[in-house]
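Please read them alongside the model.

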Amino acid sequence: TNWPTAKTSVPGSLDELKSLEAAVKKTIAKTTPDTVGLLIRDGAKTAAGSGVIVNADGLILTAGHVAGEPGKPCTVILPDGKRVKGKTLGHNDRMDSGMIQITDKGPNDGKWPHVEVAKSASLKEGQWVLTLGHPGGWRENRPPVARLGRVLTNEETKIRTNCTIVGGDSGGPLFDLDGKLVGIHSRIGWSLTENVHVPTDAFVKDWDKM
């Protein structure tokens, strides 16, 4: 049987556990190609973080504290280790949301593979979600690291989950088990298993402005 995306309970049988495992594996395979590492240069300093490609033109969503001020050069590290050029577009400090644009052409007739952005308001407390990112920063020969968890609360300005995230994960994607983007990692909570993400709905409101 297939694991229902909006299911909020824990597996109650071996079959349900296998169903959840299959959904997680499918989501990881679907979303890993679009999850990237970021190196943003600001004078002599370089900030690192994660991000995710959300359209064919190479637009990346990340955390505002990763993107920083607009117009800065950026190196985008693809899952296979290839590096392409980008630039920061804008950020909203209040929401900790940010955008980056890949300036190199994509591999598919100039277009970039990308994830689908979902409405974060539809997330339910207890729903299973998946984080991807680069904990501790991007590492050679290590693909984006996946961690499974559940939604603790879903508010207009933030999503809290018990998915483990650490430094370097900032700006990485939060997915539902359909492989649709619902949030971006913002900050670590009081513990490693109580973390805060920027809802995709908040990005949509600031889309044109950023």
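1. In the hairpin of E5 and E6, with four residues between the strands, Asp 96 adopts a positive phi near 65°. E5 and strand E6 (residues 97–102) run antiparallel and are joined by six bridges; strands (E, at least two residues) and helices (H or I, at least four) are DSSP runs numbered from the N terminus, and two strands pair if DSSP finds at least two bridges between them. Asn 92 has Ser 97 in E6 as its bridge partner.

2. The model is predicted: local features need pLDDT of at least 70 and side-chain atom pairs pLDDT 80 or more, whereas totals for chains, interfaces and linings use all residues. Residues are numbered from 1 along each chain as its sequence is written, and side-chain values use heavy atoms, leaving out hydrogens and water.

3. Strand E4 (residues 73–77) runs antiparallel to strand E5 (residues 83–92), with five bridges joining them. The bridge partner of Ile 77 in E5 is Arg 83. Arg 83 also lies over the face of Trp 138, at 5.4 Å from the ring centre; the criterion is NZ of Lys or CZ of Arg within 6 Å of the ring centre and within 35 degrees of the ring normal.

4. Thr 27 belongs to helix H1 (residues 14–31). Thr 27 counts as buried because its relative accessibility is 2%, the limit for buried being under 20% relative accessible area (1.4 Å probe, protein chains only). Not counting residues up to four places away in sequence, Thr 27 touches residues including Leu 130 and Phe 175, where contact means heavy atoms within 4.5 Å.

Technical notes. Buried means under 20% relative accessible area, exposed over 50%, partly exposed in between (1.4 Å probe, protein chains only).
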